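Me: I would like to learn how to read a structure feature by feature. Could you take me through one, with the general idea before each case?

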Amino acid sequence: MSQPIKLSKETIRELQLKELESLRVFKEFCQKNNLLFYFCGGCCIGTLRHQGFIPWDDDIDVFMPRQDYEILLKEWPKQVGNTGRYRLLKTDVNSTFTGNIFATFVDTKYTCVKENQENIDVPHGLVMDIMPLDGCPDGKFKRYMQLFHCLLYSLFMSEVVPEKHGGAVAFFSKILLGIFRGRKIRTKIWKHCEKKMTAYPIEECTYITELCAGPHYMMNKYPKECFESAIFEPFEGELFPIPVGYDTYLKIAFGDYMELPPEDKQVPHHDLVALNLNKSCLNMPK
């Protein structure tokens, strides 16, 4: 396995400006199809605190309500296709295995290889993560079962042991992956779990949750009014959407989001093993 590379401030800035190219294309497609999306995480904070990227941020993440997310997955291949510069990828029964539990929007004009995807056969371009928002059921048992199915979904879809979330979680994850070894049975399991965990339409729930953002964030729940619509705010000299209830969302997810983290935390949060902003990933040797 290759060693992660360190990015200079200048390289991070160049990377961010390249990522804006795919963001504009994505925004145009969503507006054309009346699909709701908004910045989340770092880009949402960056919009409010820096009017652009957080200086050390290395990617773009967006939320979409589940209904819009599913429409995107159907309409992009039909309207645009998945063989050009920009590609919409998601692990599925008859498509590429990505190692992610959410969809990604990939710009193949450049090369960017993440450590966790180094040995996966996907276009290693600049990636924007697209994470669905789902209804959070009322009642402790239903919520418990939603989280249970979500953990199984995450494990069998990504096929990665979550090492950073406690020894017990990693131990049982290894056992389950050892028992269910074939891609076919793993796909059957995560498909079943996906159906179960997304069985609560947002309009029928009081709260919204982010099931595909990892074990920590899947525990959060937000008043659904936070995500009913988007407002457009300046980001890198252009207008991009953030959730109408951004303040409540960000305080629940990150606390005092306007305060800068300690200097030692002001670093990119993805481990990259290769980056080439002058060459297409489609021309890189496998």
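Me: Where is glutamine 51 placed?

Reply: This is a predicted model, and in it glutamine 51 sits in the loop between α2 (41-50) and β2. With 44% relative accessibility, glutamine 51 counts as partly exposed, because that value falls between the 20% limit for buried and the 50% limit for exposed.

Me: What should I look for in the backbone there?

Reply: Most residues other than glycine have a negative phi. Glutamine 51 goes against that: its phi is positive, about 55°, although it is not a glycine. Glutamate 159 also has a positive phi, near 60°, and is a residue other than glycine. Glutamate 159 is found in the loop between α4 and α5.

Me: Which residue does glutamate 159 meet in a salt bridge?

Reply: The partner is arginine 186, with 3.2 Å from N to O. To read such a pair, look up where each end lies.

Me: How many salt bridges does the structure hold?

Reply: There are 12. One of them joins arginine 85 to aspartate 107, whose closest N and O atoms are 2.8 Å apart. Arginine 85 belongs to the loop between α3 (66-79) and β3 (86-89), and aspartate 107 to strand β4 (residues 103-107), so this pair links parts 22 residues apart in sequence.

Me: Are those two ends buried or partly exposed?

Reply: Arginine 85 counts as partly exposed, at 30% relative accessibility. Aspartate 107 is buried, with a relative accessible area of 0%. Shared partners are worth checking too: Glu21, Arg85 and Asp107 are joined into one network by salt bridges.

Me: Which residues does glutamate 194 contact, leaving aside its neighbours within four places in sequence?

Reply: They are Arg66, Lys90 and Tyr153. Glutamate 194 itself is part of helix α6 (residues 183-197), and it counts as buried at 10% relative accessibility. With lysine 90 the contact is also a salt bridge between side chains, at 3.7 Å from N to O. Since glutamate 194 is in helix α6 and lysine 90 in the loop between β3 and β4, the pair ties together parts that are 104 residues apart in sequence. Both glutamate 194 and lysine 90 are buried.

Me: Now the aromatic rings, please. How do I read a pair?

Reply: A pair of aromatic rings is described by the distance of the centres and the angle of the planes. The whole structure has 20 aromatic pairs. Phenylalanine 63 and tyrosine 249 make one that is edge-to-face, at 5.7 Å centre to centre and 65° between the planes. Phenylalanine 63 lies in strand β2 (residues 60-65) and tyrosine 249 in helix α7 (residues 246-254), so this pair ties together parts that are 186 residues apart in sequence. Phenylalanine 63 and tyrosine 249 are both buried.

Me: Why is the pair of phenylalanine 235 and phenylalanine 240 edge-to-face?

Reply: The planes of phenylalanine 235 and phenylalanine 240 are at 90° and the ring centres 5.9 Å apart, so the pair is edge-to-face. Phenylalanine 235 is buried, at 0% relative accessible area, and phenylalanine 240 is buried with 0% as well. Ring pairs also build a cluster from Tyr38, Phe63, Tyr217, Tyr222, Phe227, Tyr249 and Phe254.

Me: How many residues has the largest nonpolar core?

Reply: It has 64 residues, and those with the most contacts inside it are Phe26, Phe39, Met64, Ile130, Phe227 and Tyr249. Helix α4 (residues 140-158) contributes the most to this core, with 7 residues. Another core, of 8 residues, lies apart from it and includes Leu15, Cys112, Leu272 and Leu277. For a view from one side chain, take methionine 64: beyond four places in sequence it touches residues including Phe26, Cys30, Leu72 and Pro132.

Conventions: Residues numbered from 1 in each chain as written. Predicted model: local features only at pLDDT ≥ 70, side-chain atom pairs only at ≥ 80, totals over all residues. Heavy atoms only, no water. Core = buried A, V, L, I, M, F, W, Y, C linked by side-chain atoms within 4.5 Å. Buried < 20%, exposed > 50% of the residue type's maximum accessible area, 1.4 Å probe, protein only. Helix = DSSP H or I, 4+ residues; strand = E, 2+ residues; numbered from the N terminus. Contact = heavy atoms within 4.5 Å. Salt bridge = Lys/Arg side-chain N within 4 Å of Asp/Glu carboxyl O. Phe/Tyr/Trp six-rings, centres within 6.5 Å; stacked < 30°, edge-to-face > 60°.
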